[in-house]
Amino acid sequence: MNTTARYFVLVLGVILSIHFVLSFTHQEYGRATSLSSIASHFSGNGDLQVVPDPYEGYVRPTTTPNATHFISDKRANATFVILARNTDIDGTVRSIREMEDRFNKYYKYPYVLLNEVPFTEDFKRRVSVLTDAHIDFGTISHDDWFQPAWIDEQKAKEGREKLVADKVIYGGSVSYRNMCRFNSGFFFKQPLMEKYRWYWRIEPDVHFHCDLNFDPFLYMEENNKVYGFTITMYEFEKTIPTLWASVKEFIKLHPEFVSPDNAMAFMSENGGDSYNLCHFWSNFEIADMNFWRGPAYTAFFDFLDQKGGFYYERWGDAPVHSIAAALFNRKDQIHFFDVVGYEHNPYVHCPRDDQQWKAGRCTCDQKRSFDYDGYSCMSKWDRLIGR
């Protein structure tokens with residue numbers, strides 16, 4: 001190799017080294033010089049089409065050159081929240097371990113665990129060993145958890161017996177009703193939750209099938225989102241026979257809370273006259289507690305609570321949350337997290353996009369994704385947002 005060629009190789013090596021260092025230490029530089037950014041300059045001429053990544057800009061590479069995981073420069077004011085009993089220890093351990101492996105070991109968002117009775121020392125010991133993130137263990141107050149004294153117990157009992165006779169799951173369970181009411185109106189008011197704005201709800205014994213290489217909390221915050229979901233389905237009609245009538249009554253009393261560009265069309269085929277039973281499955285939620293704590297939802301929950309439907313029927317937090325999120329926000333403030341591989345037996349959501357599925361090293365089978373099940377409402381959501 002002659003002298004000129006050696007100098008050329010040396011200079012080229014220095015330039016590439018500087019570019020490499022800047023890419024990993026300066027987020028904006030890395031984004032501007034990424035392949036997707038460069039390719040975008042050609043897309044207008046039809047020479048090259050690149051599918052945009054909606055989460056680009058909410059991650060940065062680690063300083064390890066060959067790293068496949070990402071961490072964020074910033075953190076949202078956010079927490080995971082888990083409602084569990086001491087007997088749920090094994091399932092809780094599995095859920096937290098998978099969340100740590102797939103996402104939180106890079107972000108270290110805190111956890112809040114809530115129980116109707118104090119957690120045992122063994123429960124706390126087995127959970128605390130799973131993460132370096134901060135964990136709070138809280139006990140729910142009696143008034144926030146148990147059936148209110150003003151509920152007509154005889155009427156509630158008759159309602160339970162009817163659902164048992166109809167073979168409706170949890171039809172006879174008072175504790176399940178306590179949980180639904182608590183998740184509808186009280187979890188975000190707990191003292192341990194008050195300092196946070198955002199939460200990700202995790203259930204015991206769920207599975208996270210894919211690496212999550214971006215921060216969904218920051219994505220929600222910086223894009224003015226309010227509610228995020230992975231699975232949507234129909235509710236059991238027998239559990240909510242009077243819920244929609246109550247919703248319509250509330251809307252008539254408070255039209256000021258209804259967003260002009262809401263998602264009513266997702267839940268009703270006739271402009272709100274009747275409810276098609278579609279809701280977001282709330283055992284997975286990433287959402288803004290400022291909304292639950294705000295005037296619209298506060299008035300809505302208080303109105304529904306006084307109807308007694310949580311106990312006289314079996315109103316779930318999923319339709320209550322879903323109806324409120326869909327009506328009192330713009331439809332573009334509700335976000336479908338296709339990229340999150342999630343399973344709550346017996347249903348699983350697996351990313352549709354092959355690139356996301358591969359990038360997340362997903363263990364789920366895309367063909368088994370509940371999106372394509374006849375009981376899923378995903379097609380209605382896709383139609384609403386024009387997917």
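These exercises work through strand pairing, aromatic contacts and disulfides in a predicted model.

**Exercise 1. Strand 11 and its neighbours**

Task: Determine how the residues of strand 11 are placed on its two faces, and which residues partner W198 and G228 in that strand.

Solution: 
- Apply it to strand 11, residues 285-288. E285 and A287 are on one side. I286 and D288 are on the other.
- Check burial. E285, A287, I286 and D288 are all buried, and both faces of the strand are covered.
- Turn to strand 6, residues 198-202. Four bridges join strand 6 to strand 11, and the two run antiparallel. W198 has D288 as its bridge partner.
- Now take strand 8, residues 227-229. Two bridges join strand 8 to strand 11, again in an antiparallel arrangement. Here G228 is partnered by I286.

**Exercise 2. Two aromatic pairs**

Task: Classify the ring pairs F103 with W200 and Y109 with F217, then state which parts of the chain each pair ties together.

Solution: 
- The structure holds 49 aromatic pairs.
- A pair of aromatic rings is described by the distance of the centres and the angle of the planes.
- Take F103 and W200. Their centres are 5.9 Å apart, with 45° between the planes. The pair is tilted.
- F103 lies in helix 4 (residues 89-104) and W200 in strand 6, so the pair ties together parts that are 97 residues apart in sequence.
- Check burial. F103 and W200 are both buried.
- Y109 is in the loop between helix 4 and strand 4, and F217 is in helix 9 (residues 216-222), so parts 108 residues apart in sequence are tied together.
- Y109 and F217 are both buried.

**Exercise 3. A charge over a ring**

Task: Find which residue lies over the face of Y312, and at what distance.

Solution: 
- The residue is K155.
- K155 is at 4.3 Å from the ring centre of Y312.

**Exercise 4. The disulfides**

Solution: 
- Count them. The structure holds three disulfides.
- With 120° about the S-S bond, the link is right-handed. C210 lies in the loop between strand 7 and helix 9, and C362 in the loop between helix 16 and helix 17, so the pair ties together parts 152 residues apart in sequence.
- Buried means under 20% relative accessible area. At 5%, C210 counts as buried. At 11%, so does C362.
- C278 is in strand 10 and C377 in the loop between helix 16 and helix 17, 99 residues apart. C278 is buried at 0% relative accessibility. C377 is buried, also at 0%.
- C350 lies in the loop between strand 14 and helix 16 and C364 in the loop between helix 16 and helix 17, so parts 14 residues apart in sequence are tied together. Both cysteines, C350 and C364, are buried.

Terms used:
Residues are numbered from 1 along each chain as its sequence is written. This is a predicted model: local features need pLDDT of at least 70, side-chain atom pairs count only at pLDDT 80 or more; totals for chains, interfaces and linings use all residues. Side-chain values use heavy atoms; hydrogens and water are left out. Buried means under 20% relative accessible area, exposed over 50%, partly exposed in between (1.4 Å probe, protein chains only). Two strands pair if DSSP finds at least two bridges between them. Rings of Phe, Tyr and Trp (its six-membered ring) pair if their centres lie within 6.5 Å; planes under 30 degrees apart count as stacked, over 60 as edge-to-face and the rest as tilted. A charge sits over a ring if NZ of Lys or CZ of Arg is within 6 Å of the ring centre and within 35 degrees of the ring normal. A disulfide is a pair of cysteine sulfur atoms within 2.5 Å.
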